[in-house]
Amino acid sequence: MKKITLAALFLLIILILVIFPQERKESASPLFEQPLLITSAGQNAEILMVSVLAKRAGLDSILSKIASPKDLENIKTIVLVLGASSKGLGAAGLDLAKEKERINLLVEEAQKKNVPLLCLHLGGEARRGPLSDELISAFLPLAKMAIVAKSGNKDGFISGICEKHDIAIVEVEKTADVLTPLKEAFK
Amino acid sequence: MVVAAHPLAAEAGLEMLKKGGNAIDAAVTTAFALNASEPFASGIGGGGFMVIYLASENRVTVVDFREKAPSGVPQEIFNEEGRIKPDGLAVAVPGALAGWVYSLKKYGTKSLVDVTQEAIKIAENGFAVSQTFSRINKDEYEKLIMNAGEGTCYLNEGFPYEPGDLFRNPELASTLKLIVSKGIDEFYKGEIAQKVVKAVNEKGGVMNLEDLALYEPVEHPPLKGIYKDYTLFSLPPPSSGGVHIIQLLNIIENWPVKKWGRNSPPYIHHFCEALRFVFADRSRYLGDPDFISIPVEELISKKYAKQIVSQIKPDSLLDSYPFGRFDERENDNGNTSHICVIDKEGNIVSLTHSINHFFGSGIVPEKTGFLLNNIMYDFSDDLSSPNALGPYKRPLSSMSPLIMFKKERPYLILGSPGGTRIFSSLTQIIINVIDFDMSLDEAIEAPRFFTYSSQGKARSISLESRFPENTIETLKNMGHSIRIREAYDKYFGGAQGILILKDKEVILGGADSRRDGHGAGY
């Protein structure tokens with residue numbers, strides 16, 4: 001009898017995990033409005049993937065690798081793609097300090113205008129490390145929601161920040177899986 | 001034995017050896033298979049060099065299938081940031097297919113059908129993407145999405161491949177079948193040529209059908225150097241690799257490196273100072289020998305090495321690193337994935353080939369499945385440079401496939417990708433094996449460093465992060481600025497090698513974990 005109860009409990013847990021995959025905290029309704037400005041914190045290559053995803057989701061978006069406060073005109077949401085790329089920073093003629101300064105100015109202006117921040121981290125384990133983690137620590141706490149590739153959060157670093165700051169987080173297996181939560185996040 | 005940058009390619013080459021093919025058959029089989037299994041680094045859209053040792057003739061020869069600039073190339077293609085825009089202008093006329101088939105016909109024993117079968121199978125059946133493939137695919141996403149488009153097989157439904165995803169390339173398989181059935185003229189003069197020209201020009205390039213039709217590989221004698229009891233054969237220009245490996249070994253021969261210790265501060269300091277002199281010569285003299293005179297013999301002379309040694313200080317940097325000055329001579333004719341193969345007869349191939357940057361230009365001719373190179377980046381943006389671009393010119397390369405002999409018998413087959421780091425990395429591996437008695441695998445895996453000079457001034461030393469802190473501090477105290485890179489950074493290349501001991505009784509393969517290298521033997 002005890003064995004049957006344990007088996008049933010185990011099955012129930014599996015069922016819950018299948019029905020509610022990965023989502024630690026789900027938003028009940030769309031959190032964001034269009035149009036959205038897509039930029040990166042760290043000049044990573046994932047920013048273009050997010051642009052393709054936004055296009056596929058039918059979202060009205062603008063991409064700017066070096067967005068500044070003046071780009072916020074008419075913008076209702078900032079999508080910030082987190083992760084430092086040495087190659088990307090070099091190509092943009094930026095170092096980490098200058099990149100942080102750029103994002104700080106952008107986010108400060110956004111806060112003044114009540115433009116919310118959606119953060120994404122799609123680079124996985126390869127887009128973690130001291131530089132990326134510094135950017136994640138600096139800007140993720142300001143987000144209203146985060147969508148992250150599971151492989152970049154194996155150590156719970158990203159979900160830990162989200163938990164501490166009460167930020168909705170969706171973890172996905174693959175880049176293509178971002179499409180559904182991204183669509184659902186926007187009106 | 002076959003060593004290559006992907007296990008499937010190495011196994012394909014090994015199968016060819018087992019079927020009775022010789023080293024040239026196996027090398028060409030492996031090259032085709034790499035196009036299918038490591039398409040981001042080499043392929044029929046690129047070019048390269050092959051050093052061949054023919055055991056029965058005891059002769060070494062070089063087949064040069066470096067890409068050439070299109071005839072209509074404008075005088076200036078680099079923008080202020082040193083980039084070539086639009087991307088089509090970065091594509092040079094591919095030479096790989098012509099070079100492989102030339103070598104196969106002249107020195108191989110098998111047919112084009114035989115050497116392409118494994119590549120076709122790999123392209124059709126696919127394979128699980130590695131961490132290396134996935135990471136490079138993500139890094140080069142922008143180029144691929146812009147030039148190859150969302151529907152390309154080089155992206156997984158428009159996004160980069162994740163490790164473990166299945167990568168298939170049926171269009172490459174069809175292209176290879178077409179080449180087999182119609183011959184390589186299909187690539188250089190037929191339907192594929194038309195698709196190449198269309199794809200390049202749609203992206204702002206200037207290639208025409210005649211550029212492709214006129215392409216021919218070149219065969220010439222190797223460059224020879226001596227280091228202690230060893231004789232080295234590698235490439236003459238238009239690759240700078242052979243010249244600079246010999247230069248570096250000639251310089252290092254004057255120093256007690258064994259006493260200093262491997263990767264000790266004095267060793268790294270002296271090696272880096274030598275590199276800075278070598279780079280001064282590279283930018284002053286090296287280019288396409290069909291268009292300029294290059295003082296190769298002077299550059300690789302022991303006398304010139306001693307001149308450089310006499311200028312290097314033991315514990316500090318120089319203010320400037322001048323290039324060598326040589327007397328004028330009359331009638332001067334001076335003239336990136338690696339594969340190593342040795343067959344049972346003792347024939348050897350050391351082949352380095354490339355499409356330049358990872359995923360090349362990102363341009364894929366319509367429904368062909370292969371990537372075109374962006375080798376035009378290897379030209380200098382300085383119009384007064386010996387490596388300035390021009391119609392039909394071959395850009396300067398750093399590739400350095402080499403074969404070393406110890407007392408008349410083959411001892412070491414070696415090569416690597418890695419851009420201008422190639423000759424530095426290969427020299428470090430040679431020293432590791434010969435002077436520090438390391439096994440080939442240890443020598444390849446050992447931490448690497450690199451530096452260069454630009455306009456006579458020292459640049460910082462890049463070091464893998466495995467170097468001890470006190471070594472780094474000592475180098476800083478000598479005046480070097482330091483840049484720390486990853487522990488096993490593909491910036492320093494991904495070497496492949498074969499070490500032959502006791503007259504072919506023991507053959508050891510070495511493949512670099514900085515890439516997906518693999519050795520296969522029987």
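Which residues in helix 4 of chain A meet which residues in helix 5 of chain A? A:Leu96, A:Lys100, A:Ile103 and A:Val107 in helix 4 meet A:Leu131, A:Glu134, A:Leu135, A:Ala138 and A:Phe139 in helix 5; contact here requires C-beta atoms, placed from the backbone, to lie within 7 Å.

The model is predicted: local features need pLDDT of at least 70, side-chain atom pairs count only at pLDDT 80 or more, and totals for chains, interfaces and linings use all residues. Residues are numbered from 1 along each chain as its sequence is written, with chains lettered from A and ligands numbered from 1 in the order in which they are written.

**Chain A: overall organisation**

- Chain A contains seven helices and six strands, where helices (H or I, at least four residues) and strands (E, at least two) are DSSP runs numbered from the N terminus.
- In sequence order, the elements of chain A follow the pattern α-β-α-β-β-α-α-β-α-β-α-β-α.
- Of the 187 residues in chain A, 40% are buried; a residue is buried if 20 or more other C-beta atoms lie within 10 Å of its own, exposed if 12 or fewer, and partly exposed in between, with C-beta atoms placed from the backbone.
- Among the contacts in chain A with a separation of 6 or more, 79% are between residues 24 or more positions apart.

**Chain A: packing of helices 4 and 5**

- Helix 4 (residues 96–112) and helix 5 (residues 130–139) of chain A pack at an angle of about 20°, their axes being 11 Å apart; axes are lines fitted to C-alpha atoms, for helices over the stretch in contact, and angles run from 0 to 180 degrees between N-to-C directions.
- Helix 4 and helix 5 of chain A are therefore roughly parallel to each other, given that angles under 35 degrees count as roughly parallel, over 145 as roughly antiparallel, 65 to 115 as roughly perpendicular and the rest as oblique.
- The crossing of helix 4 and helix 5 of chain A is right-handed; a crossing is right-handed if the near helix is turned clockwise from the far one by less than a right angle, and left-handed if anticlockwise.
- The residues of the contact of helix 4 with helix 5 of chain A comprise seven nonpolar, no polar and two charged, where Ala, Val, Leu, Ile, Met, Phe, Trp, Tyr, Cys and Pro count as nonpolar, Asp, Glu, Lys and Arg as charged, and the others, Gly among them, as polar.

**Contact between chains A and B**

- Ten residues from chain A and twelve residues from chain B take part in the contact.
- On the side of chain A that touches chain B, helix 2 (residues 46–56) of chain A gives the most, with three residues.
- That side of chain A divides into six nonpolar, two polar and two charged residues.

**Chain B: overall organisation**

- Chain B has 18 helices and 20 strands.
- The C-alpha trace of chain B spans about 60 × 55 × 50 Å along its principal axes.
- Buried residues account for 58% of the 522 residues in chain B.

**Chain B: packing of helices 11 and 13**

- The axes of helix 11 and helix 13 (residues 265–285) of chain B come within 10 Å and cross at roughly 140°.
- That angle makes helix 11 of chain B oblique to helix 13 of chain B, and their crossing is right-handed.
- B:His244, B:Gln247, B:Leu248, B:Ile251 and B:Ile252 in helix 11 meet B:Phe271, B:Ala274, B:Val278 and B:Arg282 in helix 13.
- The residues of this contact between helix 11 and helix 13 of chain B comprise six nonpolar, two polar and one charged.

**Backbone geometry in loops**

- Most residues other than glycine have a negative phi, and most peptide bonds are trans.
- A cis peptide bond, with omega about 0°, joins A:Gln34 and A:Pro35; A:Pro35 is in the loop between helix 1 (2–19) and strand 1 (36–41) of chain A.
- The peptide bond from B:Pro237 to B:Pro238 is also cis, with omega near 25°, and B:Pro238 is in the loop between strand 8 (230–234) and helix 11 (241–252) of chain B.
- B:Phe359, not a glycine, has a positive phi of about 65°; B:Phe359 lies in the loop between strand 10 (348–354) and strand 11 (402–406) of chain B and counts as buried, with 25 C-beta neighbours inside 10 Å.
- B:Tyr392 has a positive phi near 65°, lies in the loop between strand 10 and strand 11 of chain B, and counts as partly exposed, with 17 C-beta neighbours inside 10 Å.

Note on methods: Two residues are in contact if their C-beta atoms, placed from the backbone, lie within 7 Å.
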